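Let's take a walk through this protein together, from its overall fold down to a few individual residues. Please keep the sequence and the 3D view at hand as you read.

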Amino acid sequence: MSIESSSAAGTVPTGSGRRAENPVPAQGNVGAPPASAGPLFADPAALGLGAFAMTTFVLSVINAGMIPKADEPVVLGLALFYGGMAQFAAGIWEFANRNVFGATAFCSYGAFWLSFWYLSQFSAGSLPPAEAGKAVGLYLLAWAIFTAYMTMSAWRVSVGVFAVFVFLTLTFIALFLGAFSGAAGLTALGGWLGILTALIAWYCSCAVVANSTFKRAVLPVGRR
């Protein structure tokens, strides 16, 4: 969720008269360097979106019941290193790029994956079995609330990023309800919604790389 730092979807050569589409356009800031000077850092959106997408995809395939729940530990390495650390680092670069939305989104969801790793490794086993579903449901509800209010701002970013946040909100709601009620069908629905969320985020990540590399809008993201 970069915000037009170097162009989340790529830059267009100076004087071309066109702006490349950017999944997450940047906000202005008093004292920021002139736009003509260019960004100080490469756009971290591709890394952040890619890390989010891959980790979400792997966990969602398991939640959807496509492979056994016993295989869930396979996601823990991704959650720690890629969805967690790499995405959090992308958020720090977005702070340097004066990108409030991108920094908040990437750092928050990077921290989400780090907290998921910690919960799975160290905390889940200590929860009382009779109350574990409600505890995990509360955890997911909190993330659903955060994602819902980020979705309002995502509307001003791009159609692609807005779609990611809409489906991610629905994913958290389905998973929260599934965990709280113990309804496996709702958890599976959350898995399928998560797969769709991941595919949209991967598309946005691909757009950042392709549009930046080709210096034109190869893949549209619906910049608003």
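Predicted model: local features only at pLDDT ≥ 70, side-chain atom pairs only at ≥ 80, totals over all residues.

Most residues other than glycine have a negative phi. Lys 215 has a positive value although it is not a glycine. Its place is in the segment after α6, the helix that covers residues 184–214. With a relative accessible area of 41%, Lys 215 is partly exposed, because that value falls between the 20% limit for buried and the 50% limit for exposed.

There is another residue of this kind to visit. Arg 98 also has a phi near 60°, a positive value in a residue other than glycine. You will find Arg 98 in the loop between α2 (74–96) and α3 (100–123). Its relative accessibility is 33%, so Arg 98 counts as partly exposed.

Now step back for the overall picture. The secondary structure comes to six helices and zero strands, and reading along the sequence gives the pattern α-α-α-α-α-α. The protein has 224 residues, of which 45% count as buried. If you take the contacts between residues at least 6 apart in sequence, 69% of them join residues at least 24 apart. The accessible surface comes to about 10400 Å², and 71% of this belongs to carbon and sulfur atoms.

Let's return to α6 and look at its length. This helix has 31 residues, which at 1.5 Å a residue should span 45 Å; the C-alpha atoms at its ends are 45 Å apart, so the two values agree. Within α6 sits Ser 205. Is Ser 205 buried or exposed? Its relative accessible area is 9%, and therefore Ser 205 is buried. Leaving out residues up to four places away in sequence, Ser 205 touches Ala 46, Leu 49 and Gly 50.

Ala 45 and Val 208 are 163 residues apart in sequence, yet their C-alpha atoms are 6.8 Å apart in space. Ala 45 belongs to α1, which runs over residues 45–63. At 0% relative accessibility, Ala 45 counts as buried.

Next, the aromatic side chains. How many aromatic pairs does a search of the whole structure find? The search finds 17. One of them is formed by Phe 112 and Tyr 139: their ring centres are 6.0 Å apart and their planes lie at 20°, so this pair is stacked. The pair links distant parts of the chain, with Phe 112 in α3 and Tyr 139 in α4 (residues 132–154), 27 residues apart. Phe 112 has a relative accessibility of 6%, so this residue counts as buried. Phe 112 and Tyr 139 are also members of one aromatic cluster, which includes Phe 52, Phe 101, Tyr 109, Trp 113, Trp 143, Phe 146 and Phe 172.

The helix α4 deserves a look of its own. It has 23 residues and reaches 32 Å from its first C-alpha to its last, close to the 33 Å expected at 1.5 Å a residue. Among its buried residues are Gly 137, Leu 140, Trp 143, Ala 144 and Phe 146. What covers the buried residues of α4? The cover includes α3 and α5, the latter running over residues 159–181. Apart from neighbours within four places in sequence, Ser 108 is in contact with Ala 103, Trp 143 and Phe 146.

Finally, turn to the surface. Leu 40, Phe 41 and Trp 93 form a nonpolar patch there, with about 330 Å² of accessible area together. Trp 93 is found in α2. With a relative accessible area of 39%, Trp 93 is partly exposed.

Note on methods
Residues numbered from 1 in each chain as written. Heavy atoms only, no water. Helix = DSSP H or I, 4+ residues; strand = E, 2+ residues; numbered from the N terminus. Buried < 20%, exposed > 50% of the residue type's maximum accessible area, 1.4 Å probe, protein only. Contact = heavy atoms within 4.5 Å. Patch = residues over 30% accessible without salt bridge, like charges linked within 9 Å, V, L, I, M, F, W, Y side chains within 5 Å. Areas by Shrake-Rupley, 256 points an atom, 1.4 Å probe, with all protein chains shown as cover. Salt bridge = Lys/Arg side-chain N within 4 Å of Asp/Glu carboxyl O. Expected span 1.5 Å × (residues − 1). Phe/Tyr/Trp six-rings, centres within 6.5 Å; stacked < 30°, edge-to-face > 60°.
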